[in-house]
Amino acid sequence: MRIKKSISTRLSLFIIIFTGFLFVSSSFAMFFFSKELIRKEAFTKADILLDNINNEINSFFLMVSLTVDNTSWNISKEINSPDSLYITTRRILSNSLTIKGSTIALEPGYSKNAPHYFAPYSYYEGDKIKTKQLGGGKKDYTKEQWYYKAKETGRGIWCDQYFDNLGAEILMTTYTRPLYNYEGIFFGVITADISLDWLEKVINSSKPYKEASMMVISPKGKYIVNEDPKKIKQPAFANAINVVPDTTLARIKAQMIKGKEGWAPFKANGKDMFIFYRPIEALNWSLAMICPANAIFKEVNQLAIWMSVVLFLSLIILFVFCYKIIRRITLPLRILTKSAEIIAEGNFYSQLPKISTG
C-alpha cells in the first residue's frame, strides 16, 4: 500500500532532484562567469574614470602654472612701480575664472618705493575682483608656506592644502614661483590660488557608483579632498586602518604616497571593498576611489536573486507536472494493485480489470 501511494511522489522527486542539480550547477556557472565579466568591466571603467579625472586635473594645474610662469618674466620690469603689481595680479584672475586669488609678495625691504612688507593681492569675491595688501599692518607673510617654499626650492611648486587666513579665506592650494632679477637675486614670489571646492566638484561629479567615495591625499598622507570635511586634517585611512587587522590600507597608503597606481581589495567594518588609485603627477598627490563590492556586483547579485526565484518556481511547476503525468501513466498499475488486494483478502471471484494501455 505504501509503495502504491508513494511511487508517483518518489519518481517525481527523483526527477526534480536530478533536474534541479543540473539547473543549479548551470546557474552557478553562469553566475560566476557573469560576475567575473562584470568585475573586469567595473575595473576597466574605474581605470578609464581615474585616468580621465587625472588628465583633467593635470591639464588644469599645468595651465595655471604656465599662466604664472609666463607672467613672472615681466615682473622685474615693474618692480620700480609697485602699484602696477596690482594690475598684474588682476590680469591673472581675469584670464582664468578658476584662479581665485593671486599675489606678488616682495622680499621685505627689497623695493625702496614700497612698504617693508608689500604683497598686493587680487581675489574674487563673488563675480567681482577685489584687491588688498597682505603685508598691511606689518604682517609677516614670509612665514607662509607659499612664500618660504618657493624661496627655499628656487622653483615653481604646488603647496599643500591650507586655509588662507590672509587672502581669500577659503580652503585652497597655491602654485608659487620665486622671482629673480636680471642679476639672479631673489626679490619675491608670485602665486595663483585654486579653491579645493573646484577639485572636489570635478572628482565627485564623476563617481560611477552612488556608494563610491572619491579622495585625494598628499605626499604626507593627509586628505586633501574627502567627502567628510572632518577628515581633511586627519591622516588618510586613519580610522579604517584601525579596523583592518592585516593593515591592507596601510600598505595601500604607502603605495599611494610613493606615487604608484593600482587597485586592491580590502575589508572595512566587515564589508568587502575595492580601492583604485592613481598619482596626480602635476601635484605629487594621489587620487583614489573606494567602492563597496556590493555596488560593483549589484546587478549580478540582483540577477542571482531573480534566477533563484525563477528556478524555485520552475521546480515546483515541474514537480506538479511530473506528479500528474506519472499518476496518469501508473493509473492501470494502481487499478491492478487494488484488484490484487481484493483477491488477497479472500475474494477469489472478483473480476480483474481490463487493461487496454498495454
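Author: Start with the contacts that join separate parts of the sequence. This is a predicted model. In the protein chain, 53% of the contacts with a separation of 6 or more are between residues 24 or more positions apart.

Reader: How many helices and strands does the protein chain have?

Author: The protein chain has 10 helices and 12 strands.

Reader: What share of the residues in the protein chain is buried, and how much accessible surface does the protein chain have?

Author: Of the 358 residues, 43% are buried. The accessible surface is about 20,700 Å², with 59% of that belonging to carbon and sulfur atoms.

Reader: Which residues is Thr191 in contact with, leaving aside neighbours within four places in sequence?

Author: Thr191 is in contact with Val68, Gly101, Ser102, Thr103, Trp146, Thr174, Tyr175 and Thr176. Trp146 is also one of the buried residues of H4, along with Gln145, Tyr147, Lys149 and Ala150.

Reader: What covers the buried residues of H4?

Author: The cover includes strand S1 (99-106), S4, strand S5 (162-163), strand S6 (171-180) and S7. Just after H4, Gly154 takes a positive phi of about 75 degrees.

Reader: How should I read the buried residues of a helix?

Author: An α-helix has 3.6 residues a turn, so residues three or four places apart point the same way. In helix H5 (residues 196-204), the buried residues are Leu196, Leu199, Val202 and Ile203. These four cover an arc of only 120 degrees around the axis, which puts them on the same side of H5.

Reader: And how is a pocket found?

Author: Rolling a probe the size of a water molecule over the atoms shows where empty space is left. Here, the second largest pocket has a volume of about 300 Å³. Its lining has 18 residues, and those closest to the centre are Arg155, Ile157, Trp158, Leu283 and Asn284.

Reader: Which elements give two or more residues to the lining of the second largest pocket?

Author: They are helix H1 (2-72), helix H4 (145-153) and strand S4 (157-158). H1 gives the most, with four residues.

Reader: What is the lining of the second largest pocket by class?

Author: The lining has nine nonpolar, four polar and five charged residues.

Key. Residues numbered from 1 in each chain as written. Predicted model: local features only at pLDDT ≥ 70, side-chain atom pairs only at ≥ 80, totals over all residues. Heavy atoms only, no water. Contact = heavy atoms within 4.5 Å. Buried < 20%, exposed > 50% of the residue type's maximum accessible area, 1.4 Å probe, protein only. Areas by Shrake-Rupley, 256 points an atom, 1.4 Å probe, with all protein chains shown as cover. 1 Å grid on protein atoms, 1.4 Å probe; cavity = no way out; pocket = protein on both sides within 12 Å on 5 of 7 lines; lining within 4 Å. Points joined across faces, edges and corners; volume = space filled by probe spheres on them. Nonpolar A, V, L, I, M, F, W, Y, C, P; charged D, E, K, R; others polar. Arc of directions from axis to C-beta.
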